[in-house]
Amino acid sequence: MSTAVESFGVWERLGSIRLEEMDSIRLMNRIDSKFLTSESVLERVLELAADHGYRALEVEGSRISPYNSMYYDTDSLKMFRDHHDCRLVRQKVRTRVYVASGLTFLEIKRKNNKGRTKKKRTAIPSGDFMDFRGNAAAAAFLAEKSAYTADMLKPRMETVFRRITLVNPARTERITIDTALHFVNHDTLLQADLGPAVIIELKQDGRAGSEMKNILLDCRVKPVRISKYCIGTTLTNPAAKSNRFKVKARMIEKTSGQKIIVK
């Protein structure tokens, strides 16, 4: 996490919520809306969120949590291509470690043709984060819950970021705010950083209104369809078909005011 976000004065006014309180707002079957902004705008968003009673998840005394995800795909990058080609029904498979709590999961995200996202997950040992395929129970879970089997997939893209999670007073929505985004491509070995770019995701059951949408509108933060896996692959795999996503990469640079670093 950059020092700019850590030093925001809003932390003293923003309430906190404990991890065990989050069970009632997991929203595993939900509607997702994503937004793109920069760290300089984020501080104002958090100030308005505090004014409206939003609380931030606090783990081990910190409200900014490190996350690490590994995305898996086929040899032909089918999941990446399905997203690029605008297939309404698609899936993503990843392992994720919640660094602060030490919990590690295999997660399957499925999007249907009505725009709803369903997530299924199962706990795995932390040692299986980089490659779960040797775990028989996890492989069986994947085969049951997805269109893929473990032998069809390989670890492709690692994403490292810092996350702020907000919850509204009614507990009908959860907002994740990802900063310090870093990508490591396990095929090409190229890496990329998004600098001060911030990806915000609003997750709600679709039946309730959202004050956060109004806050983002007030801050002139517009919705955008964006995938961390797809952007990371676009930046670090020159061979991947990615014309649509290159436009998103330019949008990130314009919004953040800084050129994306690839090395």
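User: Happy to dig in. Which residues does Lysine 228 touch, leaving out those up to four places away in sequence?

Analyst: In this predicted model, Lysine 228 touches Phe161, Arg163, Asp178, Leu181, Phe183 and Ile199, with residues up to four places away in sequence not counted. Lysine 228 itself lies in helix α6.

User: Is Lysine 228 buried or exposed, and how do you know?

Analyst: Its relative accessible area is 8%. The cut-off for buried is under 20%, so Lysine 228 is called buried.

User: Let's stay with α6. How do you know what angle α6 and α7 make, and what is that arrangement called?

Analyst: The axes of α6 (residues 228–236) and α7 (residues 243–256) cross at roughly 95 degrees and come within 9 Å. Angles from 65 to 115 degrees count as roughly perpendicular, so that is the name for this pair. On the α6 side the contact is made by Cys230, Ile231, Thr234 and Leu235, and on the α7 side by Phe245, Lys246, Lys248, Ala249 and Ile252. By class, that gives six nonpolar, one polar and two charged residues.

User: Which strand gives the most to the lining of the largest cavity?

Analyst: That is β8, with three residues. Both β4 (65–73) and β8 (154–167) supply at least two each. The lining has three nonpolar, two polar and two charged residues.

User: And the second largest pocket: what makes a space a pocket, and which class of residue lines this one?

Analyst: A pocket is an open set of points, with protein on both sides within 12 Å along at least five of seven lines. The second largest pocket holds about 250 Å³ of space and has 15 lining residues, with Val89, Arg90, Gln91, Arg110 and Lys111 nearest its centre. Elements giving two or more residues are α3 (78–84), β5 (90–98), β6 (103–111) and β7 (116–123), and β7 has the largest share, three residues. Asp, Glu, Lys and Arg count as charged, and the lining has ten charged residues beside three nonpolar and two polar.

Notes:
Residues numbered from 1 in each chain as written. Predicted model: local features only at pLDDT ≥ 70, side-chain atom pairs only at ≥ 80, totals over all residues. Heavy atoms only, no water. Axes fitted to C-alpha atoms, helices over the stretch in contact; angles between N-to-C directions. Helix = DSSP H or I, 4+ residues; strand = E, 2+ residues; numbered from the N terminus. Parallel < 35°, antiparallel > 145°, perpendicular 65-115°, else oblique. Contact = heavy atoms within 4.5 Å. 1 Å grid on protein atoms, 1.4 Å probe; cavity = no way out; pocket = protein on both sides within 12 Å on 5 of 7 lines; lining within 4 Å. Points joined across faces, edges and corners; volume = space filled by probe spheres on them. Buried < 20%, exposed > 50% of the residue type's maximum accessible area, 1.4 Å probe, protein only.
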